[in-house]
Amino acid sequence: MKEHHTKLTLLSQLSDGQFHSGEALGEQLGISRAAVSKHIKGIQEWGVDIFRVQGKGYQLAKPMQLLDEAVLKAGVATPLELIPIIDSTNQHLLNQADSLTSGAVCLAEYQAKGRGRRGREWISPFGSNLYLSMFWRLDAGMAAAMGLSLVVGVAIVEALEALGIEGVKLKWPNDLYYQDKKLAGILVEMSGQAGGAANLVIGMGMNLQMAAGSERSTSAITQPWTSLSEVTGESIDRNQLAITLIKTLHRALSDYELQGMNGFVERWNRLDNFLGRPIKLIMGPREVYGIARGINAQGAVLIETEQGVEEYVGGEVSLRGA
């Protein structure tokens with residue numbers, strides 16, 4: 001953290017969205033204007049848009065609300081770490097799995113090596129989104145974790161609905177969509193041994209205020225996406241959203257431990273973005289075309305084909321070319 005301290009302090013000064021001169025910033029931090037300029041370049045590499053105007057100084061493209069560890073800890077009962085700059089919140093918890101208690105949370109402002117499903121990179125610009133991971137020890141073992149990402153997806157959408165945010169849907173098995181654009185992704189990773197408890201890490205990345213075209217880092221995203229600020233038309237209190245999602249996740253995982261998928265099928269199908277629509281399921285070289293018919297009690301996706309309704313437990317669902 002020490003090497004990032006100056007950059008984070010600079011960002012805290014700039015977060016109000018006003019102009020700050022390089023001279024004033026340098027005085028506040030006890031460094032030269034040249035050092036300020038060097039740190040600003042480093043911040044820009046995190047995906048933050050900062051403008052420099054001659055005679056006025058530096059300004060963020062838009063004000064930024066930083067996560068506040070004290071506010072977060074006061075709002076939840078679970079152990080919580082805020083590590084502003086991290087490789088991956090999921091990996092951080094996996095590395096400590098043996099010493100954590102269920103419900104432990106890690107949040108970050110920026111992930112250098114954020115990852116999504118199937119080893120893909122998760123684009124993680126600083127301060128624009130929510131990067132959150134929770135640890136859970138499932139005593140019933142790895143086999144009992146089947147369908148967990150579906151339960152988590154339902155819980156997150158229902159939490160957004162409770163906050164008055166309507167229209168968010170689910171894409172099997174682990175994405176949140178709004179008007180056919182990706183809003184958030186869920187990644188469940190696990191470790192453990194057969195016959196023993198499973199150590200699960202449930203990671204979520206949600207786009208909050210990531211603006212299309214303004215940040216260089218978004219150019220690597222290859223599918224349609226949206227942000228929660230576009231869904232709501234207003235800025236989001238990132239700390240309060242994080243607190244709500246942490247509480248919701250904790251409750252959903254406790255329920256899942258006791259009940260499994262019971263009661264979740266109907267809740268998931270209500271939110272299925274593709275229900276009744278023509279889809280394509282890609283499984284390696286194989287492609288299955290049909291109509292989406294929701295999920296079953298095992299968490300498999302149901303597709304109506306010429307052979308009837310078939311169930312699949314793996315693959316990638318898409319509307320494209322269907």
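Close-up 1. A pocket is an open set of points on a 1 Å grid over the protein atoms alone, where a 1.4 Å probe fits, with protein on both sides within 12 Å along at least five of seven lines; lining residues have an atom within 4 Å of a point. The lining comprises 19 residues, of which Ala145, Gly147, Leu148, Ser149 and Pro173 lie nearest the pocket centre. The largest share, 5 residues, comes from β10, and α6 (148-162) and β10 (181-192) each supply at least two residues. By class, 12 lining residues are nonpolar, 5 polar and 2 charged.

**Close-up 2. Trp46 and Phe126 form a stacked aromatic pair.** The ring centres lie 5.3 Å apart, with 15° between the planes (rings pair if their centres lie within 6.5 Å, and planes under 30 degrees apart count as stacked). Trp46 belongs to the loop between α3 (33-44) and β1 (50-53) and Phe126 to the loop between β6 (110-111) and β7 (129-138), so the pair ties together parts that are 80 residues apart in sequence. Both Trp46 and Phe126 are buried (under 20% relative accessible area, 1.4 Å probe, protein chains only). Together with Tyr110, these two residues form one aromatic cluster.

**Close-up 3. Arg267 lies over the face of Phe264.** The distance from the ring centre is 4.4 Å (for Arg, CZ must be within 6 Å of the ring centre and within 35 degrees of the ring normal).

Residues are numbered from 1 along each chain as its sequence is written, and side-chain values use heavy atoms, without hydrogens and water. In this predicted model, local features need pLDDT of at least 70 and side-chain atom pairs count only at pLDDT 80 or more, whereas totals for chains, interfaces and linings use all residues.

Notes:
Phe/Tyr/Trp six-rings, centres within 6.5 Å; stacked < 30°, edge-to-face > 60°. Helix = DSSP H or I, 4+ residues; strand = E, 2+ residues; numbered from the N terminus. Buried < 20%, exposed > 50% of the residue type's maximum accessible area, 1.4 Å probe, protein only. Nonpolar A, V, L, I, M, F, W, Y, C, P; charged D, E, K, R; others polar.
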